[in-house]
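The report below describes selected features of a predicted model. Please consult the sequence and the structure while reading.

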Amino acid sequence: MQLMKGEKEQILSCVDEVLSNSTKEKEELIPILQKVQARLGYLPALAMEKIADGTNVPAADVYGLATFYNQFRLNPPGEHEVKVCLGTACYMVGGDITLESFERRMEIKEGETTSDRRYSLERVACVGCCTMAPVVVVDDEVEGKVTPTRVDGIMLELEGKSNNTDANDSSKVDQDTESKDDSDREEGEQK
Amino acid sequence: MSASSTEETYQSLHEEAKKKVDAKENKTQILVGTATCGVSAGALKIKEDFEREISDKGLDVEVVEVGCIGHCYAEPLAVIAKPGHPAICYGYLDDGLVHRLVEDFLDGDDPSYEYALAALERNDVFPTFEDFPRGVYEQKLILENCGFIDVRDIDSYIARDGYKALSKALGKDSSAVLEEIKAANLRGRGGAGFPAGLKWEACIKGDHDEKYVICNADEGDPGAFMDRSILESDPHLVIEGMILCAYAIGARKGYLYIRAEYPRAVGHVQEAIDQAREKRLLGESIMDTDFSFDLEIFQGSGAFVCGEATALVNSMEGNMGMPESRPPRLASQGFRGKPTVLNNVKTFAYVPYIINRGSDWFKEIGTKDNPGTAVFSLVGKVNNTGLVEVPMGTTLRELVFDVGDGLRENKEFKAVQIGGPSGGCLPESALDVPIDFDSLHEAGAIMGSGGLVVLDENDCMVSVSRYFLEFTQHESCGKCTFCRLGTRHMLDILDGITRGEGDAETLELLKELAEDVRDGSLCNLGKTAPNPVLTTLEYFMDEYKAHLEEGRCPAGVCRDLILYYIEPPKCSKLCNVCVGSCPTEAIFTRDDGLKEIDQEKCVKCDNCLKACPPEYDAIVKLSPPVLPPEKEKTAK
């Protein structure tokens with residue numbers, strides 16, 4: 001996923017802030033990752049490298065933790081987050097079909113974010129309202145008894161919301177910073 | 001420390017709390033259930049609606065956030081306690097109903113019984129929950145306070161004799177707590193049923209100054225929410241249980257390992273810890289004795305395997321949550337290498353009750369070898385889903401048909417899936433099995449943490465076991481080859497079966513693999529992962545055979561074995577709903593006006609079946625996926 005304009009600075013200052021408030025011991029690693037994710041919404045590769053540097057743990061181990069636990073996400077959340085529940089009760093009444101319908105509409109797979117960062121799609125296990133199964137959480141609002149036919153309706157509502165904010169939405173993928181980032185990192189490694 | 005002084009300290013705490021709570025209870029109170037289940041159903045909005053309506057009318061009514069009362073099927077729920085009336089529980093609330101209740105009941109004096117679920121105390125007017133079949137079988141112990149106490153106010157807990165057990169225990173020697181728990185034969189509620197007293201005793205013997213108490217609230221089973229509900233509804237109960245355990249084993253530090261996916265539980269518990277510290281029930285010299293103990297929350301990052309004791313400890317130490325071989329057990333070498341007691345949320349929740357009321361009282365509930373109650377989250381195709389607590393020894397039949405009030409839409413019962421991904425599927429014939437650790441184990445399932453999913457005729461058992469195996473396969477930490485690769489291979493085979501691929505040997509191989517995974521894995525995740533497959537193979541062999549031999553999915557679930565078909569005689573010709581609902585434009589109108597599905601384009605999304613108006617009901621699923629011959633004729 002490409003970084004947006006100004007994102008690199010944001011990541012670095014966030015990691016610095018979290019690290020300065022911790023003892024940097026290994027036991028603190030998971031809480032550090034949790035705090036960084038809480039601030040940034042996800043764990044960019046850059047942040048994991050910085051955390052590894054700061055705590056003196058190999059970057060591979062930090063990456064290992066981030067991929068071992070389900071809580072951590074490596075993709076940025078979209079402007080609109082859709083979470084489809086596939087807990088037992090929801091699965092039994094066709095939650096997987098609903099998930100597939102979303103994948104088709106957004107043209108991404110679960111766990112991914114659209115390249116314009118407008119939508120992200122996730123599967124979660126049990127939101128806690130099994131009586132309303134199948135359940136979909138759209139931008140933190142729980143919607144129960146979602147049939148596949150409802151998917152188009154949800155997407156239309158979200159598109160409506162996005163269009164309203166489009167006018168003052170100037171965030172565009174910052175190609176220059178991204179490529180510079182890479183070369184920066186390579187240089188750093190060579191040194 | 002003498003017994004009298006801790007009890008005196010407690011008396012003053014209790015009186016103060018009681019005064020505060022009584023003052024509240026003399027006014028009208030609305031208790032809104034705002035555990036996660038309620039919030040998902042819109043309880044926070046209902047609470048706002050109540051508050052707005054009340055302030056509009058200028059009434060003197062307090063709206064309180066409480067936990068889960070257990071009747072999740074009727075969320076959002078609220079209890080209205082108005083002096084002069086019995087407390088009444090209302091379900092299925094919406095803004096209209098809130099308006100009506102405020103106007104008629106709070107402002108006026110008509111309790112609107114037509115919208116009431118049940119009363120909460122005996123009266124001459126309206127039945128209580130105990131008068132329903134569910135109430136006859138249910139016996140609330142650790143759920144007693146859930147839904148009735150203000151979760152954000154410690155006084156609400158103390159007024160209901162909260163922390164009394166602690167004051168009682170602190171007045172005596174610490175060995176008295178251990179003796180009581182051992183005498184009660186309290187078995188760990190995490191699933192395996194290991195006696196808690198023995199675990200604690202082993203930890204006491206552990207030769208070390210530093211010891212830890214950890215509460216396992218890493219509830220990862222998809223479809224189980226008991227631990228979360230208890231932490232959200234009655235956090236002090238668990239905290240008190242942990243303090244008692246710490247006193248018994250001599251620990252000074254404890255942790256609650258709570259899943260980060262449970263933000264409400266984390267928030268409520270943190271608040272509860274802070275309040276307990278303020279009242280000096282936690283921290284340095286508790287209740288002015290020389291016993292000190294403090295608690296901290298560790299947020300688990302969501303890995304099913306971390307429910308396993310050694311994996312949990314590993315993850316607390318900042319590592320990947322991989323289990324290790326035991327012994328050494330945690331009781332001798334646990335967190336940071338020190339003796340550690342790790343128990344489930346529910347196990348700790350029983351402790352204050354046992355200390356308060358005695359082991360003899362506890363042993364009278366349930367069966368001889370399995371005293372106490374069992375807590376289940378009852379979900380799936382039953383009418384009354386929710387959080388239930390029944391004495392051990394209740395049969396599955398009573399749980400499904402009386403407590404759960406039977407199946408929805410009068411469908412035919414097929415199976416119960418008990419114990420989550422580590423449990424098994426039990427058919428009708430096994431319904432008379434009493435619920436306890438040993439009987440369920442014999443039947444091939446496990447008690448597990450307490451998820452209970454009811455399945456009906458529309459559920460495909462192959463698909464169900466595939467679902468659970470997919471879960472455990474994904475959650476396997478990768479340490480043991482059998483678990484890592486064996487479950488992968490089993491999943492591939494099951495995937496094949498859902499497509500109708502394979503023969504009799506496939507099933508043999510599947511069974512053999514399942515047994516190998518069970519025998520060749522280190523921890524219980526791997527040992528129990530094949531359970532759903534093994535039990536379905538044992539009890540539902542005919543369904544596997546239907547998939548393989550006839551290419552047919554009896555329940556019409558496996559999508560490679562079904563096709564959608566519009567029955568010409570039923571199709572209305574004038575309606576276009578199915579055409580509009582199809583995401584891939586597979587449905588078209590024929591020259592004769594009937595609709596037809598282009599099978600090449602169809603992605604089997606189920607949209608048209610749901611969209612077709614019930615008066616026509618023209619779309620059916622066919623399995624095996626063969627079009628009827630007359631259709632082919634007309635198509636030509």
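## The sheet of chain A

In this predicted model, strand 3 of chain A, which covers residues 136–138, pairs with strand 4 of chain A in the antiparallel sense, and the pairing runs over 3 bridges. Within it, Val138(A) has Glu141(A), a residue of strand 4 of chain A, as its bridge partner.

These two strands belong to an open sheet of 4 strands in chain A, whose order is 2-1-3-4 and whose pairing is mixed. Strand 2 (119–124) and strand 4 (141–143) of chain A each have a single partner strand and stand at the edges, so one side of each is left without a neighbour in the sheet. From one strand to the next, the twist averages 20 degrees. Helix 6 of chain A lies across strand 1 (80–85), strand 2 and strand 3 of chain A, and its direction makes an angle of about 155 degrees with strand 1 of chain A.

## The contact between chains A and B

Chain A contributes 35 residues to the contact, and chain B contributes 36 residues. On the side of chain A that touches chain B, the elements giving two or more residues are helix 2 (29–40), helix 4 (59–68), helix 5 (88–92), helix 6 (95–106) and helix 7 (148–166) of chain A. Helix 6 of chain A, listed among these elements, is also the helix that lies across strand 1, strand 2 and strand 3 of chain A. By residue class, this side of chain A divides into 18 nonpolar, 12 polar and 5 charged residues.

## Domains of chain B

Chain B is divided into domain 1 (15–137), domain 2 (162–362), domain 3 (373–459), domain 4 (462–549) and domain 5 (562–635). The centres of domain 2 and domain 4 of chain B, taken over C-alpha atoms, are separated by 34 Å. Their contact takes 10 residues from domain 2 of chain B and 8 residues from domain 4 of chain B. On the side of domain 2 of chain B that touches domain 4 of chain B, the residues divide into 7 nonpolar, 2 polar and 1 charged.

## Helix 8 of chain B

In helix 8 of chain B, which spans residues 174–184, the buried residues are Val177(B), Leu178(B), Glu180(B), Ile181(B) and Ala184(B). Because these residues cover an arc of only 160 degrees around the axis, they fall on the same side of helix 8 of chain B. What covers them includes helix 7 (164–170), helix 9 (196–205), helix 11 (235–249), helix 14 (345–357) and helix 15 (359–363) of chain B. Just after helix 8 of chain B comes Asn185(B), which takes a positive phi of about 55 degrees.

Methods:
Residues numbered from 1 in each chain as written. Chains lettered and ligands numbered in written order. Predicted model: local features only at pLDDT ≥ 70, side-chain atom pairs only at ≥ 80, totals over all residues. Contact = placed C-beta atoms within 7 Å. Nonpolar A, V, L, I, M, F, W, Y, C, P; charged D, E, K, R; others polar. Pairing = 2+ DSSP bridges. Axes fitted to C-alpha atoms, helices over the stretch in contact; angles between N-to-C directions. Domains from an automatic or database assignment. Buried ≥ 20, exposed ≤ 12 C-beta atoms within 10 Å, placed from the backbone. Arc of directions from axis to C-beta.
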